[in-house]
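Please find below a colleague's note on the model shown here. The points follow the helix packing, the core and some individual residues.

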Amino acid sequence: MNISKTMQDAIGEQVKHEFYSAYLYLSMAIQCEANTLPGCANWMRLQWQEEIAHATRLMDYVARRGGRITLEAVDKPPSAFGTPLKMFEQVLEHEQSVTAKIHELYDMATSEKDHATTAELQWFVTEQVEEEEQATQIIDTLKQIGDHGPELLVLDRQLGARQAPAAA
Ligand SMILES: [Fe+2]
Ligand SMILES: [Fe+2]
């Protein structure tokens, strides 16, 4: 059964949001690099790649259901984020807004009785729990150690240790 046009277009909007997320994290990576926080930059670059994977996963899903996404213009992200703590607070805030959008899509799929889309979106619901959890943990650490000094460099090294997950 082909995907409905309503569902297709709503997922198309989400593809745009995922590409915006990618762009936002890339902008954060640039700032981390400028502030000599290479670990933070590594973390942000991995997020950037992950968001592109989210966008393409949704795009491919729609195609498999006989639909087609139209790519939209991606908004310009901010280019200044303040201290590392402020930056990660913006990460969390952004991910919370993405979670809300995913939940709206999920509700739409449920009301359309589009079980295949519900199943696909389930992956994203779980992913958003991880996204919010990760950002919250980093914020908690930054609140404990403060925004500068040797402890920040230890955290930066930890963020630098994050690796791309093995391809599924
Ligand atoms: Fe995402
Ligand atoms: Fe993730």
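**Notes on helix packing and local geometry**

1. Helix α2 crosses α5 in a left-handed manner. The model is a predicted one, and the remarks below should be read accordingly. The two helices, α2 and α5, pack at an angle of about 35°, and their axes are 7 Å apart. On the α2 side the contact involves P38, G39, C40, N42 and W43, which meet D156, R157, Q158, L159 and G160 of α5. Sorted by class, the contact of α2 with α5 holds four nonpolar, four polar and two charged residues.

2. The segment that follows α5 (150-160) contains R162. In sequence R162 is 119 residues from W43, yet their C-alpha atoms are 6.3 Å apart in space. Apart from neighbours within four places in sequence, R162 is in contact with N42, W43 and L46. Of these, N42 and W43 also belong to the α2 residues that meet α5. R162 is classed as partly exposed because 15 other C-beta atoms lie within 10 Å, where a buried residue would need 20 or more and an exposed one 12 or fewer.

3. Helices α1 and α2 pack with their axes 8 Å apart, at an angle of about 165°. Since angles over 145 degrees count as roughly antiparallel, α1 is therefore roughly antiparallel to α2. Their crossing is left-handed. By class, 19 nonpolar, five polar and four charged residues make up the contact of α1 with α2.

4. Helix α1 (residues 5-34) also packs against helix α3 (residues 84-111), at an angle of about 170° and with the axes 11 Å apart. This angle makes α1 roughly antiparallel to α3. From α1, the residues M7, A10, I11, Q14, H17, S21, L24 and M28 take part, and they meet M87, H94, V98, K101, L105, M108 and A109 of α3. The contact of α1 with α3 comprises ten nonpolar, four polar and one charged residues.

5. Which residues of the largest nonpolar core touch the most other members? They are V15, M28, C32, C40 and M44, in a core of 34 residues. At least two residues of this core come from each of α1, α2 (38-64), α3 and α4 (115-145). Helix α1 gives the largest share, ten residues. M44, leaving aside neighbours within four places in sequence, is in contact with Y25, M28, A29 and C32. M28 is also one of the α1 residues that meet α3, and C40 is one of the α2 residues that meet α5.

6. Most residues other than glycine have a negative phi. T36, although not a glycine, has a positive phi of about 55°. T36 is located in the loop between α1 and α2, and it counts as exposed because it has 10 C-beta neighbours inside 10 Å.

7. K113, likewise a residue other than glycine, has a positive phi near 55°. The position of K113 is in the loop between α3 and α4. Is K113 buried or exposed? K113 is exposed, as 8 other C-beta atoms lie within 10 Å.

Terms used:
Residues numbered from 1 in each chain as written. Chains lettered and ligands numbered in written order. Predicted model: local features only at pLDDT ≥ 70, side-chain atom pairs only at ≥ 80, totals over all residues. Axes fitted to C-alpha atoms, helices over the stretch in contact; angles between N-to-C directions. Helix = DSSP H or I, 4+ residues; strand = E, 2+ residues; numbered from the N terminus. Parallel < 35°, antiparallel > 145°, perpendicular 65-115°, else oblique. Contact = placed C-beta atoms within 7 Å. Nonpolar A, V, L, I, M, F, W, Y, C, P; charged D, E, K, R; others polar. Core = buried A, V, L, I, M, F, W, Y, C linked by C-beta atoms within 7 Å. Left-handed = near helix turned anticlockwise from the far one by under 90°.
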